[in-house]
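I keep these entries as a record of what I looked up, one topic at a time.

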Amino acid sequence: MHDGYTPSAYEMANASESLNIMLKGLQSDGLQLWAQKRATLFPEKNEEEYSLGTSGDHATTSYTETAIKTAAAASATTIDVDSTTGMAAADYIGIVLDDDTLHWTTVSSVTDSDTVVIASGLASAAAVDNKVYFYRTKISRPLRITEIVRRNGNSDTPINRMSREEYFRLGNKQVSGTPNQFYYDPQLDSGVLYLYPKPSNVDDTIVFIYHRPCEAFDASTDTPDFPQEWYQPVKFGLAVMLAPEYGVSLKVRQDLKQDYMLYKREAMNFDREEAHTYIQPDIR
């Protein structure tokens, strides 16, 4: 190739495929702080297993909470709430019912500042001040979940991680109570989060930190799903992948790989959380 060369459609498609393969491979290194997000899961009463993904259970990175303003009877589709600010048609909406379950449906329309019409009528009655949640988008499948807390108002309580073996060794997974342990199985399409014990009510939300997958390049005009300090390793990483296909000599390929590893290490070292390390004796 030379200056001013215009790649063919095949070359663009081939390079895009290699680029996406490389970026997805970087996920196995544990993408750094910029790829970590916080999300909230709305647990269901007596449910221990939750599907996490764009077609999964109700988990999102951003939601709004309001409350029932006027008591609503079973089957009601017009609901009075404290505020509909930020609410829009097709939003997911969850309403805490008097039987301590969550009624999930979607918003059909927003009538005014405190009235919303929902797609499916309430399964049972909802009293004044019962919580109402609404949000727009579910999270993508988490690659891994690093930490979880159970949130009640302004109080957070950590939930401990279990290994696959520890979870499946539990004798009775149907125990209801307050979740204090979790196990996450990433799967392929949607991840599966297991809570133990399974929630006995819907008073709490589950807040967690997860590693999200990086977005693929679908067009040549796409913006890289990486911060700018990663542009150099991405550039040289792609060069390393494409070099054999264009007859680049082994010596040059080795030099490219060394440059790639250097830039990648620098980017990963820069993008790490700064925190204190404490060492103390193990006193038994």
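**Entry 1: a charge over a ring.** I began with K173, which lies over the face of Y167 at 5.3 Å from the ring centre. I note that the model is a predicted one.

**Entry 2: the overall count.** The secondary structure comes to 4 helices and 16 strands. Of the 284 residues, 41% count as buried. The protein exposes about 16100 Å², and carbon and sulfur atoms supply 48% of this area. I also checked contacts between residues at least 6 apart in sequence: 68% of them join residues at least 24 apart.

**Entry 3: aromatic pairs.** How many aromatic pairs does the structure hold? I found 15 of them. To describe such a pair, I need the distance of the ring centres and the angle of the planes.

I took F168 and Y183 as one example. Their ring centres are 6.2 Å apart and their planes stand at 70°; an angle over 60 degrees counts as edge-to-face, so this pair is edge-to-face. The pair links distant parts of the chain, since F168 is in helix α2 (residues 164-168) and Y183 is in strand β13 (residues 181-185), 15 residues apart.

F168 also forms an aromatic pair with Y194, again edge-to-face, with 6.3 Å from centre to centre and 65° between the planes. F168 lies in helix α2 and Y194 in strand β14 (residues 191-196), so this pair ties together parts that are 26 residues apart in sequence.

Y183, at 5%, counts as buried. Y194 counts as buried too, at 11%. The cut-off I needed here is that buried means under 20% relative accessible area.

I recorded a cluster as well: ring pairs link F42, Y63, Y92, W104, Y133 and Y135.

**Entry 4: the open sheet.** Next I followed the strands of a sheet. Strands of a sheet pair through backbone hydrogen bonds, either parallel or antiparallel. The sheet I looked up is open, has 8 strands and shows mixed pairing. Its order is β2-β14-β13-β11-β10-β16-β1-β3.

Which strands stand at the edges? They are β2 (49-52) and β3 (59-60). Each has a single partner strand, so one side of each is left without a neighbour in the sheet.

β2 pairs with β14 in the antiparallel sense, over 4 bridges. Within this pairing I located Y50, which stands opposite L193 in β14.

**Entry 5: strand β6 and its partners.** I turned to β6 (residues 92-96). Of its 5 residues, 4 are buried, so the strand is largely enclosed by the rest of the structure.

β6 is joined by 5 bridges to strand β7 (residues 102-112), and the two run antiparallel. T106 in β7 is the bridge partner of Y92. β6 and β7 form a hairpin with 5 residues between them, and D100 in the turn has a positive phi of about 65°.

β6 also pairs with strand β9 (residues 131-135), in the antiparallel sense and over 4 bridges. Here Y92 stands opposite Y135 in β9.

Entry 6: Most residues other than glycine have a negative phi, and most peptide bonds are trans. I therefore searched for departures from this pattern.

Where is A90 found? It is in the loop between β5 (78-80) and β6. A90 is exposed, with a relative accessible area of 55%.

Q187 has a positive phi of about 55°, although it is not a glycine. Its place is in the loop between β13 and β14. At 45% relative accessibility, Q187 counts as partly exposed.

Finally, I looked up the peptide bond from Y196 to P197, which is cis, with omega near -10°. P197 has its place in the loop between β14 and β15 (198-199).

Methods:
Residues are numbered from 1 along each chain as its sequence is written. This is a predicted model: local features need pLDDT of at least 70, side-chain atom pairs count only at pLDDT 80 or more; totals for chains, interfaces and linings use all residues. Side-chain values use heavy atoms; hydrogens and water are left out. Rings of Phe, Tyr and Trp (its six-membered ring) pair if their centres lie within 6.5 Å; planes under 30 degrees apart count as stacked, over 60 as edge-to-face and the rest as tilted. Buried means under 20% relative accessible area, exposed over 50%, partly exposed in between (1.4 Å probe, protein chains only). A charge sits over a ring if NZ of Lys or CZ of Arg is within 6 Å of the ring centre and within 35 degrees of the ring normal. Two strands pair if DSSP finds at least two bridges between them. Contact means heavy atoms within 4.5 Å. Accessible areas come from the Shrake-Rupley method with a 1.4 Å probe; for residues, only the protein chains shown count as cover.
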